[in-house]
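Please look at the sequence and the structure first.

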Amino acid sequence: MSEERTLILIKPDGVQCGHVGHVLSRIENRRYELKALKMINATKEQLRQHYSQLVDKPYYPGIEEFMTSGPLVAIIAEGDEIIETFRKMAGPTNPSEAMPGTIRGDFARAWGPGPIKNVVHSSDSRESAEKEIKIWFPERN
């Protein structure tokens, strides 16, 4: 087992639809620890840093518009192998492929053209987690 930390974002669609408590409960039910939590409005600069590999893509403006459309909840969570486990809990990025029982399978759906509204983001590696935590929680570095 490997103790690690990850960044989880409950995206504007998850906040707007009232799924913050559902997501937090799933994290706590797996006995992971919530180390930091805050509701914020993402800035364009934060999003450009977070999605740096996508900024030059033609679909990036839609992501930025969606992610600034309302508040999001940023979370630092810790526990054994939380990065891989939470990504399984979230389900595939495309909600149409997410199985019931996953966060995206239970709370998201495909909305047609535009950015994917899939309730949550989570870091995909230790390196990404550390980079992303610095973006969303600069006061903790």
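E4 counts as buried, at 12% relative accessibility; buried means under 20% relative accessible area, exposed over 50%, and partly exposed in between (1.4 Å probe, protein chains only). This is a predicted model, in which local features need pLDDT of at least 70 and side-chain atom pairs count only at pLDDT 80 or more, while totals for chains, interfaces and linings use all residues. Residues are numbered from 1 along each chain as its sequence is written, and side-chain values use heavy atoms, with hydrogens and water left out.

E4 forms a salt bridge with R126, that is, a side-chain nitrogen of Lys or Arg lies within 4 Å of a carboxyl oxygen of Asp or Glu. E4 belongs to strand β1 (residues 3-10) and R126 to helix α7 (residues 126-136), so their contact ties together parts that are 122 residues apart in sequence. Helices (H or I, at least four residues) and strands (E, at least two) are DSSP runs, numbered from the N terminus. R126 is partly exposed, at 38% relative accessible area.

The structure holds 8 salt bridges, among them those in the table.

| Pair | Closest N and O atoms |
|---|---|
| E4 and R126 | 3.2 Å |

D106 is partly exposed, at 35%.

E33 is partly exposed, with 43% relative accessible area, and K35 is also partly exposed, with 33%. Salt bridges with shared partners join E33, K35 and E78 into one network.
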